[in-house]
Amino acid sequence: MTTSGPESNSRSKAVLYRNGSVYTAADPFATAMLVDGDTVAWVGSEQAASSIADSKMDIIDLRGALVAPGFVDSHAQLTETGIALDSLKLASVNSARELLDAVAAAGGSGPVLGHGWDETQWTDATLPTAEELDRAAGGRSVYLSRVDVHSALVSGALAREPGLQDAEGYDGGAKVTRAAHAAARRSARSLPADVLRRYQAKALAEAAANGYVALAEMGAPHIGGADDLRLAAAWNTADPGVPAQPEILPYWGELAATEEQARSLVSQFGFTIRGLAGDLNIDGSIGSRTAALRSGYSDAPEERGSLYLGVEEAAAHLAACSLAGIQGGFHVIGDAGLDTALAALDLAAEQVGEQRVRAAGHRLEHVEMTDADAIARLAKYSVTVSAQPAFDAAWGGPGGLYGQRLGERSGSMNQFAALYSAGVPVCFGSDSPVTPLRPWSSVRACLEHHNDGQRISARAAFLGHTRAGWRAAKYADPMAGQLVPGAPASFAVWEVEELMVQVADGRVQSWSTDPRARTPLLPALDTGSDPACLQTVRNGVELFASSALRS
């Protein structure tokens, strides 16, 4: 049983958490924390907690639970996540027949929506036809996004919507990519604002229940449009009586050609836009074979993906954002896509100066295929990489998607350790709904990277999922993402089996509780299950609570 809502969101009392563990740089042995209003007022020992506790406080006995900074998801799409949570879940289907059966069993009226199919996991990768989808759905429109959300299966009824059949990426079949996919998605999710808001609320509830206090919302014209981003940002200023939610860090993925245009794109919304970045696509995805590669896909040598932007227009965007002091950036996955982004950085630096480019704090999403030269150039321009560790966990193993699509190149994917070693700022997210909102699984993916040489410690991964997310969004409060006196009271409480120090190198002792190390401890992630979230709090306001917290 869980509780959340307006009645549990505002407290007049200070709250003392005690008899647990607190992940804080202020005191690695802290067992208690005092929250006063929206701020961490104190952290310290159990003995000190006994001396300050009084009847005016709400005292929570942690019973060994861990209090840690709340997670920040550095790349998510709220509406898409809500739709995926509330529609056909297709990750477990193993054939076109099973997919069609799921469509036929879909209840309700209106479009049949679904997410998560992955034909690389099927024994027979043959996809259903548009006609088969029409029959299964009884004539209803069908939109089923692939797991990477860069292609989809659509029924003939949906394909007949204006503009779709003439778009690039439509070949008359059920599968749509590129511009045809964007048109199909817009048509399928052309829903009333109250329906879209319900989907977003579902996504935010899922995030809060998993310890997230903020999400970077990646809005773009080809995803949900400006109105969808406005709906997302409105959660930050919800009316009294509306349950509090994780903070939205809005990004807008639209190209700017001049400084004036960059300023205009940001100012059009009337609320803070973190940057003209995120899902501003240079290329697509590996799963849909739209990520731009230097050489062909191993399982389709004639295909090298798609470049949606050229060097000159990408450089103009970065130069315009740099002059305006706005964070710019792109979605980029393939090595040829990254080549384009790096050439654009070089050209923008020639146009406006390297210092201005560095000062803007630009960011690139995903950056899955890198080499030493690319990493050095990212460091040169102080570009933040917003990556998704769960990609490697899902697709990086033997026989996985990376191996199928890329062959030997799959061994050098998602080079987290190399990025850290070169001083490239790194933050982490889920790309939800591509991978679930499960932050500890994402931390574990960093520890258990399929390439031993690219593993990082649990502490580095945890910071990448928390404090680094705030920094990547150029958040105004430098204290965000830590639990020290004066910092925002944004945290989660976790039921844990064991706490330890976990490092990335298997040749080194992988745990330590030696007090001399003075290293804050994190949950053991080799127990077979993730820590359970007991409570999530943002700026002192409860977003989620399990009944087990106070039972």
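1. Is Asp299 buried, partly exposed or exposed? Asp299 is partly exposed, with a relative accessible area of 32%. Here buried means under 20% relative accessible area, exposed means over 50%, and partly exposed lies in between (1.4 Å probe, protein chains only). Accessible areas come from the Shrake-Rupley method with a 1.4 Å probe, and for residues only the protein chains shown count as cover.

2. On the source: this is a predicted model, in which local features need pLDDT of at least 70 and side-chain atom pairs count only at pLDDT 80 or more, while totals for chains, interfaces and linings use all residues. Residues are numbered from 1 along each chain as its sequence is written, and side-chain values use heavy atoms, with hydrogens and water left out.

3. Asp299 pairs with Arg405 in a salt bridge whose closest N and O atoms are 2.6 Å apart. A salt bridge is a side-chain nitrogen of Lys or Arg within 4 Å of a carboxyl oxygen of Asp or Glu. Arg405 belongs to helix H15 (residues 401-406) and Asp299 to the loop between strand S16 (275-276) and helix H10 (311-324), so the contact ties together parts that are 106 residues apart in sequence. Arg405 is buried, at a relative accessible area of 2%. Helices (H or I, at least four residues) and strands (E, at least two) are DSSP runs, numbered from the N terminus.

4. Glu119 and Arg146 form another salt bridge, with 3.0 Å between the closest N and O atoms. This pair links distant parts of the chain, 27 residues apart: Glu119 sits in the loop between strand S10 (112-117) and helix H4 (130-137), and Arg146 in strand S11 (residues 142-146). Both Glu119 and Arg146 are buried.

5. A local case is the salt bridge between Arg377 and Asp373, where the closest N and O atoms are 3.5 Å apart. The two residues are four apart in helix H13 (residues 372-380), which means that about one helical turn separates Arg377 from Asp373. Arg377 is partly exposed at 22% relative accessibility, and Asp373 is partly exposed with a relative accessible area of 48%.

6. Salt bridges that share partners join Asp118, Glu119, Arg146, Asp148, Arg289, Asp299 and Arg405 into one network. The whole structure holds 24 salt bridges.

7. Helix H9 (residues 259-267) has Ala262, Leu265 and Val266 buried. These residues lie on the same side of H9 because they cover an arc of only 95° around the axis, the arc being that of the directions from the helix axis to the C-beta atoms. The face of H9 turned away from the buried side carries the exposed residues Glu260 and Ser267.

8. A surface patch of negative charge gathers Glu448, Glu495, Glu497, Glu498 and Asp526. Of these, Glu495 lies in strand S21 (residues 491-495). Patches are made of residues with over 30% relative accessible area and no salt bridge, like charges being joined within 9 Å and nonpolar side chains (Val, Leu, Ile, Met, Phe, Trp, Tyr) within 5 Å.

9. Two C-alpha distances can be set beside sequence separation. Ala84, in helix H2 (residues 78-86), is buried at 12% relative accessibility; Ala84 and Ala203 are 119 residues apart in sequence and 9.0 Å apart in space. Leu347, in helix H11 (residues 335-352), is partly exposed at 23% relative accessibility; Leu347 and Gly469 are 122 residues apart in sequence and 28 Å apart in space.

Technical notes. Lys and Arg count as positive and Asp and Glu as negative; His and the chain ends are not counted. The place of a charge is taken as NZ of Lys, CZ of Arg, CG of Asp or CD of Glu.
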